[in-house]
Amino acid sequence: MDMQETKFARPNINVGVVGCGNISPVYLENICRNFSDVINLVACSDLSNERAVATSKKFDIPKVLDFPQLLQDPEVELVLNLTNPLAHASVNLKALEAGKHVYSEKPLAIEPEDGQRIINRSIASNLMVGCAPDTVLSPGLQTCRKIIDEGMIGEPVSAIACFGSHGVERWHPNPEFYYEEGGGPMFDIGPYYLSALVNLIGPVKRVTGSHARMFPKRIAGDKKIDVEVSTHVVGLLDFESGAIGNITTSFDMWGPTRDVRAHTKKTIEIYGTEGTLTVPDPVHLGGRIRLLKMDDDKEMEWIEMPLAYEEIGEIRGMGLVEMAWAIKQQRNCRVNGNVANHVLEIMYAIHKSSDIGRHIELNTTCEKPNGVPTGLPKGIFYR
């Protein structure tokens, strides 16, 4: 085997899946189709044994186990946590206590105290924690990161991020959770936008927020859903770099904000000392990358920027793949628990700031993850 083959030898990590619900098919289909040489699915578990058996058969996963059995299985090296968000903290902690690495769907936990416990346990056990969203690894967002790193907009000074819809009941088969504790637009959608901002600009040091519940009930088919959480949340972000940003997440808007000029969703814009950058939708990854720069005639013009990375199709599960490479290379993964824990505190603090009527200084921070190198073969993350 030559040096190039050794450098890119696949990690082949044994993974046990916990949670076989609505989000699991997109993960497992992508892993089985594109990354079976990196991720080896060896077991699955769900509160519904029937659902776990169906998942096992569909994705050719050899073992159907209950959760304690999966944690005790010596073949399982890493737990992929796809449970309901209310169970994330418990499953993540138990996996670490059992000596397993863990990759969790977002958010890392519901309460900041639980998020910090997860981080502390991972450090004490010398185990790795990864957490969605992994859309920050997409070609579009990584191209934006490269543009910023190369100084094409100068130093970022401000940013806006906005998501607006009129609720998940318009598409989700079981929308009740999104209006219960742990739900709401900031905890559901906020991780995508905040993780993107942390990857593009860096960590946040202080937040201010305001939130409201505009509709006390929601209608989903023939069901009425009681709304227990705020459904319109706005936050002001003071980044450690000195930049200032604001984020709006809402289940109370009839349709998203649109950039009439570009006919695309206006989801994130980064304003720098020398230009402006529009960032693709960090949830569904649609939208063009556009750069506003001064031309040779001292006129400002919008330039559509090409992707610096090859299109890879479905992104979900890519964070797990990158984490497998990080475990093999003994480095921190890019979608790591420190970023997820920082994002968790940001979301919590935005709500708390509104409740107590003042700024909140954050206790957590994180390193801005490294950008992904260009030119790597699909599914390979080397350093």
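A search of the whole structure finds 17 salt bridges, a salt bridge being a side-chain nitrogen of Lys or Arg within 4 Å of a carboxyl oxygen of Asp or Glu. The structure is a predicted model, in which local features need pLDDT of at least 70 and side-chain atom pairs count only at pLDDT 80 or more, whereas totals for chains, interfaces and linings use all residues. Residues are numbered from 1 along each chain as its sequence is written, and side-chain values use heavy atoms, with hydrogens and water left out.

One of these salt bridges joins the side chains of Glu29 and Lys58, at 3.5 Å from N to O. Glu29 belongs to helix H2 (residues 24–34) and Lys58 to helix H3 (residues 49–59), so the pair ties together parts that are 29 residues apart in sequence; helices (H or I, at least four residues) and strands (E, at least two) are DSSP runs, numbered from the N terminus. Glu29 is partly exposed, with a relative accessible area of 31%, while Lys58, at 55%, is exposed. Here buried means under 20% relative accessible area, exposed over 50%, and partly exposed in between, with a 1.4 Å probe and protein chains only.

Arg288 counts as partly exposed at 33% relative accessibility, and Glu304 counts as partly exposed at 46%. Elsewhere, salt bridges that share partners join Lys63, Asp73 and Glu75 into one network.

Within helix H6, Asp114 and Arg117 lie 3 residues apart, about one turn of the helix, and they form a salt bridge whose closest N and O atoms are 2.3 Å apart. Arg117 is partly exposed, with a relative accessible area of 44%.

Both residues also take part in helix packing. Two packed helices are described by the angle between their axes and the distance between the axes. The axes of H5 (residues 85–97) and H6 (residues 112–125) come within 10 Å and cross at roughly 10°, the axes being lines fitted to C-alpha atoms, for helices over the stretch in contact, with angles running from 0 to 180 degrees between N-to-C directions. H5 and H6 are therefore roughly parallel to each other, a description that applies to angles under 35 degrees. Ala89, Asn92, Leu93, Leu96 and Glu97 of H5 make the contact with Asp114, Arg117, Ile118, Arg121, Ser122 and Ser125 of H6, where contact means heavy atoms within 4.5 Å.

Is Glu105 buried or exposed? At 9% relative accessibility, Glu105 counts as buried. Beyond residues up to four places away in sequence, Glu105 touches Ile23, Tyr27, Asn81, Leu82, His88, Cys131 and Ala132. The C-alpha atoms of Glu105 and His88 are separated by 7.7 Å, although the two residues are 17 apart along the chain.

The largest nonpolar core has 114 residues, and Leu237, Ile270 and Leu277 have the most contacts inside it. Helix H8 (residues 185–200) gives the most to this core, with 10 residues. A nonpolar core is a set of buried Ala, Val, Leu, Ile, Met, Phe, Trp, Tyr and Cys residues joined through side-chain atoms within 4.5 Å.

Definitions and conventions:
Angles under 35 degrees count as roughly parallel, over 145 as roughly antiparallel, 65 to 115 as roughly perpendicular and the rest as oblique.
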